[in-house]
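Subject: Structure handover

Hello,

Here is the structure I said I would pass on. My notes on what was found in it follow below.

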Amino acid sequence: KTWRVYTYRDGYLSISPHAWSAEDLSKETQVTIIRTERISDWPHWQAAYPKCKAGVAEVIKRSVAQGKLEGRIGKRQFEVLSADFIVDTRGDVWLFEFNMSPVLKDPQDSPTTNDADMITAALDIVVPHVDSNPGLWDFAGEFVGEPPLVPEAKR
């Protein structure tokens with residue numbers, strides 16, 4: 001089973017309204033889901049993005065090697081998921097979590113900041129055609145693992 005991994009260069013920037021503190025357990029300090037701007041405008045993103053991309057690739061590589069990812073037997077598939085990172089004051093990047101069902105913004109609900117171009121470009125990678133354009137998706141790696149076992153009942 002071959003897994004091809006792509007990362008998207010222009011996600012969302014979420015900045016907590018408060019500096020992090022172990023003593024302040026408020027939602028505003030510990031977790032923020034306020035996504036009001038694209039991350040590409042953040043001045044530190046050019047340095048942080050390659051680290052985020054490498055981190056995603058490493059997690060997927062290890063997951064494939066350990067047989068932790070399962071595909072659909074005999075079918076091609078793709079998944080859109082999100083990865084949340086924390087960038088500290090030194091510029092170090094920490095993987096916080098993967099979201100297997102990310103919140104996507106619809107152009108009707110958010111005309112200026114939405115995910116329509118991201119989804120269209122992802123589909124162009126999966127189903128290439130004459131005018132395909134991967135947009136801001138970057139190839140992060142290809143990893144080969146054992147195909148999932150076929151249960152006895154399906155043989």
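Arg38 is buried, with a relative accessible area of 15%. Please keep in mind that this is a predicted model. The side chain of Arg38 meets that of Asp115 in a salt bridge, 3.5 Å from N to O. This pair links distant parts of the chain, since Arg38 is in strand 3 (residues 37-38) and Asp115 is in the loop between strand 5 and helix 3, 77 residues apart.

Asp115 counts as buried too, at 3% relative accessibility, because the cut-off for buried is under 20%. Leaving out residues up to four places away in sequence, Asp115 touches Tyr12, Arg38, Val103, Leu104 and Lys105.

The loop between strand 5 (93-99) and helix 3 (116-126) also holds Asp106. Asp106 is partly exposed, with a relative accessible area of 33%. A polar atom of the Asp106 side chain lies 2.7 Å from the backbone nitrogen of Gln108. Asp106 and Ala116 are 10 residues apart along the chain, and their C-alpha atoms are separated by 6.8 Å.

On the overall layout, the chain has 3 helices and 6 strands. Their order along the sequence is β-β-α-β-α-β-β-α-β. Of the 155 residues in the chain, 25% are buried. Among contacts between residues at least 6 apart in sequence, 58% join residues at least 24 apart. The accessible surface of the chain is about 11300 Å², and 55% of that belongs to carbon and sulfur atoms.

The largest nonpolar core has 8 residues: Trp3, Val5, Val56, Ala57, Ile60, Val64, Ala140 and Phe143. Strand 1 (2-8), helix 2 (45-65) and strand 6 (137-144) are the elements that give two or more residues to this core. Helix 2 supplies the largest share, 4 residues. Phe143, one of the core residues, is in contact with Lys1, Thr2, Trp3, Val5, Ala57, Ile60, Lys61 and Val64, when its neighbours within four places in sequence are left aside. Apart from this core lies another, of 7 residues, including Trp42, Trp45, Ala48 and Tyr49.

Back to the charged pairs: the count of salt bridges comes to 6. In one of them Glu142 pairs with Arg4, with the closest N and O atoms 2.9 Å apart. This joins strand 6, where Glu142 is, to strand 1, where Arg4 is, across 138 residues. Glu142 counts as partly exposed, at 43% relative accessibility.

Strand 6 also holds Asp138, which is 129 residues from Arg9 in the loop between strand 1 and strand 2 (12-13). The side chains of Asp138 and Arg9 meet in a salt bridge of 3.0 Å, N to O. Asp138 is buried, with a relative accessible area of 16%, whereas Arg9 is partly exposed at 31%. Asp88, Arg90 and Asp92 are linked in a network of salt bridges.

Lastly, the surface. Ile86, Trp94 and Phe96 make a nonpolar surface patch of about 340 Å². Phe96 is in strand 5 and counts as partly exposed, at 47% relative accessibility.

Regards

Methods:
Residues numbered from 1 in each chain as written. Predicted model: local features only at pLDDT ≥ 70, side-chain atom pairs only at ≥ 80, totals over all residues. Heavy atoms only, no water. Core = buried A, V, L, I, M, F, W, Y, C linked by side-chain atoms within 4.5 Å. Buried < 20%, exposed > 50% of the residue type's maximum accessible area, 1.4 Å probe, protein only. Contact = heavy atoms within 4.5 Å. Polar contact = N/O pair within 3.5 Å; in protein donor to acceptor, adjacent residues only side chain to side chain. Patch = residues over 30% accessible without salt bridge, like charges linked within 9 Å, V, L, I, M, F, W, Y side chains within 5 Å. Areas by Shrake-Rupley, 256 points an atom, 1.4 Å probe, with all protein chains shown as cover. Salt bridge = Lys/Arg side-chain N within 4 Å of Asp/Glu carboxyl O.
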